[in-house]
Amino acid sequence: MIRLVLADMDETLKPSSSDAVSSRTVAAVEGLRAAGIEFGPASGRPRFDLVRFFHGDASCVSTGIISGGKRVYLDDRLVLDRPMSHETLVRLCAIVADEPETVMSLYDEEGHSASNPPEWLVVPTTDEELHDIQTGYTGLCADIAAMEVPERTFHVVGLMNGESPDRFAAMRTRVEAACPDIELVSPIPGWCDVNPRGWSKASGFEFLIGQIGISPEEVVFIGDSENDLTMMNLVPNSVCVANGTDSALAAARYHIPSAEEDGPAQLMEALSVTGGHLRDALARLGVSA
């Protein structure tokens, strides 16, 4: 019996062609909860973004694994908080400064609201480099910061590199070798999430289910890319949307329709109808269990 559904955001719940999740997805979340099944996002994004993607409905993210597992919420309570070390970020900044066409972005999410949205702080870069890097990433970077890391609390940190896939891969290898206390995972081409070494969405997941008092077998996780692999390897009922990467499709136990087809919403609807019986829900989607 499934008691919790967790889902990645970008290219899973929200296709890249959309600014928010579909109304069908929001309704599917409501249907799950009406059936006694909890829902939560499991995303590398900060909570502010997730609420915005759910059309401002904060109830859809009252429980979830946020900021790549560095924050966990349960019933609107922050139950786990694992910010990035300032010392680590200072060292990473110095490393990135020597990486051509690479930008480190830090998401300042504290003390902001819908009328005063959070900022992306870009460290380090020039106006010209920012313009080049932002091609294809419009809106990710807002401000130009000095070539130093502000002494603030950061959970969401990313590296952008607009070069070829080979150069992007080489940058990842060099940065991880020079800064062994971090790990880089790439949810989309040209972008890496920065996590403490050994920390991932799966770290937040283990804490969350312990707080709820359920087992991994009572959870469905839906994802699409590299930053979902730790979850897919940990959750027996792992699911990948049809548009997922090769590595995610290989890791997931089940495959469902794509993000564009509202595949996650279809599965959540089926789970609501079947009372959390996954085998029956998959059968309604034509997926063999």
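## Cavity and core

The largest cavity has a volume of about 40 Å³. This is a predicted model. One cavity of 30 Å³ or more is present in the structure.

Ten names make up the lining: Gly44, Ser67, Gly68, Lys70, His155, Val156, Val157, Asp193, Val194 and Asn195. Strand β11, residues 191-196, gives the most to this lining, with three residues. By class, the lining of the largest cavity splits into three nonpolar, five polar and two charged residues.

The largest nonpolar core holds 36 residues. Within this core, Val5, Phe39, Phe54, Ile222, Leu267 and Leu271 touch the most other members. Elements that each supply at least two core residues include strands β1 (4-7), β12 (219-223), β13 (237-241) and β14 (254-256). Helix α9 gives the largest share, five residues.

What does Leu271 touch, not counting residues up to four places away in sequence? Its partners are Ile2, Val5, Leu32, Ile37, Gly276, His277, Leu278 and Ala281.

The table gives values for the whole protein.

| Property | Value |
|---|---|
| Helices | 10 helices |
| Strands | 14 strands |
| Buried residues | 54% of the 289 residues |
| Contacts joining residues at least 24 apart, among those between residues at least 6 apart in sequence | 58% |
| Accessible surface | about 12000 Å² |
| Share of accessible surface belonging to carbon and sulfur atoms | 49% |

Definitions and conventions. Residues numbered from 1 in each chain as written. Predicted model: local features only at pLDDT ≥ 70, side-chain atom pairs only at ≥ 80, totals over all residues. Heavy atoms only, no water. 1 Å grid on protein atoms, 1.4 Å probe; cavity = no way out; pocket = protein on both sides within 12 Å on 5 of 7 lines; lining within 4 Å. Points joined across faces, edges and corners; volume = space filled by probe spheres on them. Helix = DSSP H or I, 4+ residues; strand = E, 2+ residues; numbered from the N terminus. Nonpolar A, V, L, I, M, F, W, Y, C, P; charged D, E, K, R; others polar. Core = buried A, V, L, I, M, F, W, Y, C linked by side-chain atoms within 4.5 Å. Buried < 20%, exposed > 50% of the residue type's maximum accessible area, 1.4 Å probe, protein only. Contact = heavy atoms within 4.5 Å. Areas by Shrake-Rupley, 256 points an atom, 1.4 Å probe, with all protein chains shown as cover.
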